[in-house]
Amino acid sequence: LSFTWSGVNLPSHRYTDKGTMVNQVQRVDGSWQTSKSDSSGASNSGESSKESSRCSTPLLDADRSDRLREKMRKRMESGDPWFSLEFFPPRTASGAVNLISRFDRMGSGGPLFIDITWHPAGDPGSNKETSSMMIASTAVNYCGLESVLHLTCSNQSQETITGYLTKAKQLGLKNIMALRGDPLGTDWEDEEEGFNYATDLVKHIRSEFDDYFDICVAGYPTGHPEAQSYAEDLQHLKEKVDAGADFIITQLFFRADTFLKFLRDCRAIGITVPILPGVFPIQGYQSLRQLVKLSKLEVPEEIMEVIEPIKDNDAAIRSYGIHQAVEMCRVLLDSGAVPGLHFYTLNREVATTEVLRQLGLWIEDPRRPLPWATSANPKRKVEDVRPIFWASRPKSYIYRTQDWDDFPNGRWGNSSSPAFGELNDYYLFYLKSKSSKDALLKMWGEELTSETSVFEVFTSYITAQVNRGGHKVMCLPWNDDALATETNLLKDELEKVNRRGVLTINSQPNINGKPSSDPIAGWGPAGGYVFQKAYLEFFTSSENVTALLKVLKKYEPRVNYHIVNVQGHNMTNAQDMQPNAVTWGIFPGREIVQPTVVDPVSFMYWKDEAFALWIEQWAKLYEDESPSRMIIKYIHDNYFLVNLVDNDFPLDSCLWQVLDDMFELLDAPPEVVGDGALAPVALASKLGNETTFRRRFIN
């Protein structure tokens, strides 16, 4: 069974002005195909993007296009309770890296949204990696989380606030929590050129930005501490809603009855928007005291009687806090009046996660709308196709395509020059490894002695076994997480080839019609079936490539390949540089969806990043000119990056046999290898003289 994916050019305005680019690709018959792109990105071959561009595939997950208030409405109508999570910006760059990792972990449980607090003293609207604006933007764009950005009136002019809102909109943020904020000193001082009340901020947002933002405001179950009375504070809350607020999140409280009374009182005066209770699982004595001081609340006597005797035992307090929060939340949910719960996490995850698990709200394995991590930026809501190469680096892909005006929908298309942005800063906090330099050295080797040392690192990662130093290898430069569940299906084969210097960085098994609900391979709506072609991507030596090219002749046209080195010399049998769909799904009442492709042109952009990671993430761990650094640099300079696709997905994958044949040829007498293939010396001559390095460091 074969498929022809007659794709289309990507819209020309998606390309940046990079000047003329020439792609020169050597075919298996030795001929060369050249395609040029002018500075507008328009190719001199293929259909016009205006004539052939399509956006016809319905969204797999309608929620991706829904506003937050719409998502709430649908959940309330279905009786499906939700939870949301609050975080605050960290103080340090390393704290930002850790927080983004926490977003990924806690996001897997299925929060409806998260919110990020605003700290006027921390330059919250700047581009600093620790700012509220950047943390919220990262959560939306790179973690795929619906996010609410806090914004306060404190010490800010109307012009400044408008600027922050404009910036938030440009970054893809679409939800704001409008707050007066705390005074910078003891008492509130009027902002002559700004706003003194959250109501005025809500009115300003609606006046300047119409209905673009969904707006949340704060409610106080026992009344705001500065209000003249509880009743007066309720009227102020109604004014905020009447000004245009869409929902309310309350201050924390400790008794379910406190919130339920507040909810009834709000409804009695005509407040009809969703009201979410703010839940604080007690996690420690000092954090409780600090939060109570800031919120000016009193802890009920029955809680203090339990906590005081154990105030020096954090584990005991956390255990009690989980129990107290679970019991209170059960009362709230059982009331039938509470559609969702909002948790103040204090940037911690253990207690909140445990509360959610006990309540049955934590979704251990939420169904993936697509086989790759989606972004929550509204301009990417139609995106449903990506190249497979960034499967383990989705944040990098999003970063490199952030300036696109349109995103592939339905088909990737015959793109002759997609405008991938440069990736020069590998240390952006949302792209940086979660592991410290010391941890990486322990995993990847504090001292490398040969290429074999590198092979062993890859093998330890694949097998999840300890390395020579007794440390588990939990990540590689191309994948900052442990091996994916799907990849575990290939573990035995991957282990064998990595031991022999086929250093795999991406793979997927062939799948022929598994249900979309399959816990390992499934994605998309229920009732569908998913399909995959076997795919393998790896670095390997020029000697191996010489043998591989000879072997691959036997497997055409079943196997497509693309082989390239760091200088850009590349060999492929991809027909007319067309993309090859390697993942697709069939769902009730929908067109076939093909979310993952192997695109020869995009592969050349990925090649630059994939090779650079050897240096940026690995070699730079070592001193200049050290043997360890030179070994990694040698691999970077001399190895090839290879991808293989087995097109006959209904059959057992032949890719492992391809590699077995390659190894068999390598193990044969030298004259057999040289017969009819590019001889090792000829191939190596393209890469420079290897002798000196090998004599000094490898042999």
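## Pro90 and its surroundings

In this predicted model, Pro90 touches Gly95, Ala96, Leu99, Thr130 and Ile135, leaving aside residues up to four places away in sequence; contact means heavy atoms within 4.5 Å. Pro90 and Thr130 are 40 residues apart in sequence, yet their C-alpha atoms are 5.7 Å apart in space.

Pro90 belongs to the loop between strand 3 (82–87) and helix 3 (93–107). Helices (H or I, at least four residues) and strands (E, at least two) are DSSP runs, numbered from the N terminus. With a relative accessible area of 11%, Pro90 is buried; buried means under 20% relative accessible area, exposed over 50%, and partly exposed in between (1.4 Å probe, protein chains only).

## The barrel

Eight strands form a closed barrel in the order 3-4-5-6-7-8-9-10, with parallel pairing. From one strand to the next, the twist averages 30°. Two strands pair if DSSP finds at least two bridges between them. Strand 5 (residues 147–152) and strand 6 (residues 175–179) pair in the parallel sense over four bridges, and Ala178 in strand 6 is the bridge partner of Leu151.

Helix 4 (residues 132–141) lies across strand 4 (113–116) and strand 5, at about 165° to strand 5. Helix 8 (residues 256–268) lies across strand 7 (214–219), strand 8 (247–252) and strand 9 (275–279), and runs at about 160° to strand 9. Axes are lines fitted to C-alpha atoms, for helices over the stretch in contact, and angles run from 0 to 180 degrees between N-to-C directions.

## Helix 17

The buried residues of helix 17 (residues 491–499) are Leu494, Val497 and Asn498. They lie on the same side of helix 17 because they cover an arc of only 100° around the axis, taken from the directions from the helix axis to the C-beta atoms. An α-helix has 3.6 residues a turn, so residues three or four places apart point the same way.

These buried residues pack against helix 15 (451–463), helix 16 (485–488), strand 12 (503–508), strand 15 (534–540) and helix 21 (655–667). Gly501, with a positive phi near 90°, follows helix 17.

## Whole chain and basis

The protein chain has 24 helices and 20 strands. Of its 699 residues, 57% count as buried.

Residues are numbered from 1 along each chain as its sequence is written. Local features need pLDDT of at least 70, side-chain atom pairs count only at pLDDT 80 or more, totals for chains, interfaces and linings use all residues, and side-chain values use heavy atoms, with hydrogens and water left out.
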